[in-house]
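Subject: Structure handover

Hello,

Here is the structure I promised to pass on. Please open it before reading my notes below.

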Amino acid sequence: MGESVVMPLHRTPRVGLQPRSPKHALLMRKARRSRSAARVSVAHTPNLRGRSVSSLLLIVAVLLVTSGFLCFFGVEDASRALAYTWRFTGALMILASATVLLGAIAAIDHWVYRSFTHSGLGALLGSAVAAVANLMLLVVTLQDGDSVGYPLLWAALTVGGGWSAVRIYRTSVVIPAPKRVAAAVIVSAAIAVANFGYTQLYQPYHTDPNPLLDVSMGDPVLAGNKAAFALPVSIRFENRSDVGLFILAPEFHIMGRVVQVSPAERTTPQWRSDVESGNQISRREVSHPLQMVQAGSWAVFGNYLAAHQTFTTDRIVEVPTNTTFDQLQVRASAAIARVDRLSMGAFGSPQSYSWKSHKRAPEWAVQGGDQYVTYQGRIHENNSIAEHVRDPRYVTMWWSFGDHGAGVAGTIARKGEESHPLTSEASTDLLNRYGFEFVNKGWVVRSLWDVKNR
């Protein structure tokens with residue numbers, strides 16, 4: 001056999017396997033970075049998926065405005081409301097404000113980025129809370145407010161919140177565990193409605209303070225020469241309620257009466273004369289009109305009395321022994337308001353005097369006499385919503401006096417409306433809203449015969 005010949009193997013060089021130059025490697029790295037950046041850019045480009053940008057802007061605007069108002073009112077009520085009920089309401093408004101604000105953020109994510117799975121649900125809940133909150137604000141404003149702008153604003157925001165909820169729901173919002181979500185919404189709504197009903201319905205008809213005003217006269221004390229005597233008068237005001245009270249117009253007056261005893265029984269025409277003159281009917285007594293002996297205030301105007309506290313003061317009336325009066329009569333009264341329904345500025349100083357002012361007081365307010373002193377002060381509502389949606393109110397009191405008596409009258413009204421006479425309906429409204437009412441102690445009578453005969 002012949003020798004086998006082994007042929008040498010020749011390999012064809014592969015294209016691209018040549019040694020890379022540093023410049024070529026750098027260009028390849030730059031190309032890879034560019035492709036990676038492009039993929040990231042595409043992944044983070046907002047995808048509106050046919051959704052209207054104008055709808056998103058309107059939704060976000062409604063939610064942000066609602067959140068701002070709720071936060072503003074909520075912070076004021078939580079920190080400065082007069083009643084604990086409204087402080088709790090303020091805390092709920094702050095919570096609702098945070099929910100609505102998160103709803104606005106969730107709406108942006110749901111509309112554009114889709115970074116969170118349940119951002120649509122958050123936007124839907126925020127819109128629902130905004131609609132309910134604005135509706136309640138609208139009801140409160142229509143019930144108590146004087147402004148025209150606020151009802152229009154709340155109405156627009158209520159419609160906007162409802163529209164936002166519907167618009168977001170139509171974007172195929174994923175609602176996990178619908179029963180749990182529904183239960184949470186129902187519980188939250190129940191708390192809000194219960195709180196709303198208590199503050200707006202039950203609270204105005206809460207138990208009245210029912211304070212006690214009492215007047216008593218002590219034993220007379222003769223002067224050393226027996227030409228005069230002093231009669232002590234004690235006035236006691238007891239706050240028997242669980243809330244503090246403003247004493248707006250504490251007043252008392254002491255009157256003297258001449259009483260004669262008829263030797264014969266008085267006839268029917270004389271009884272009729274008693275009735276017409278405002279005196280009691282008597283078979284033997286012949287009474288003459290009362291005359292002023294002393295009048296004044298038994299406390300500082302605008303004084304504050306805490307819950308379950310008692311205020312006691314004494315006055316002394318000095319009368320000559322040979323006085324023509326056969327009886328002394330004492331009467332006291334006061335106007336009060338609840339400190340959990342209003343707050344007041346300076347009120348204790350007289351605003352004007354009838355003998356120094358050209359402005360006349362209304363006739364219904366100065367029936368006690370022809371001279372009077374006017375007291376007036378600004379009040380503030382017990383919650384921030386009412387403080388902003390209602391026109392400023394002022395408490396105005398008139399203390400009048402004259403030869404035939406003294407008395408106080410007053411009202412809480414807007415500037416320029418204090419002269420309007422109080423109807424029974426208006427008096428009831430002031431009582432329900434501010435606890436504003438008059439407390440009176442009827443006549444306490446004492447005969448002076450024992451003193452005059454000493």
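What follows covers a surface patch and then a group of strands.

Please keep in mind that this is a predicted model.

The surface patch

Start with Leu 64, Leu 101, Leu 102 and Ile 105. Together they make a nonpolar patch on the surface. Helix 3, which covers residues 84–113, gives the largest share of the patch, with 3 residues. Leu 64 sits in helix 2, residues 53–80.

Is Leu 64 buried, partly exposed or exposed? Its relative accessible area is 43%. Buried means under 20% and exposed means over 50%, so Leu 64 counts as partly exposed.

The strands

Now go to strand 15, residues 393–402. This strand is mostly covered. Of its 10 residues, 8 are buried.

Which strands pair with strand 15? One is strand 14, residues 371–381. Strands 14 and 15 are antiparallel and share 9 bridges. The other partner to look at is strand 16, residues 405–414. A hairpin of 2 residues links strand 15 to strand 16.

On one side, Val 395 of strand 15 is the bridge partner of Gly 377. On the other, Val 395 has Ile 412 of strand 16 as its bridge partner.

Best wishes

Terms used: Residues numbered from 1 in each chain as written. Predicted model: local features only at pLDDT ≥ 70, side-chain atom pairs only at ≥ 80, totals over all residues. Heavy atoms only, no water. Patch = residues over 30% accessible without salt bridge, like charges linked within 9 Å, V, L, I, M, F, W, Y side chains within 5 Å. Areas by Shrake-Rupley, 256 points an atom, 1.4 Å probe, with all protein chains shown as cover. Salt bridge = Lys/Arg side-chain N within 4 Å of Asp/Glu carboxyl O. Helix = DSSP H or I, 4+ residues; strand = E, 2+ residues; numbered from the N terminus. Buried < 20%, exposed > 50% of the residue type's maximum accessible area, 1.4 Å probe, protein only. Pairing = 2+ DSSP bridges.
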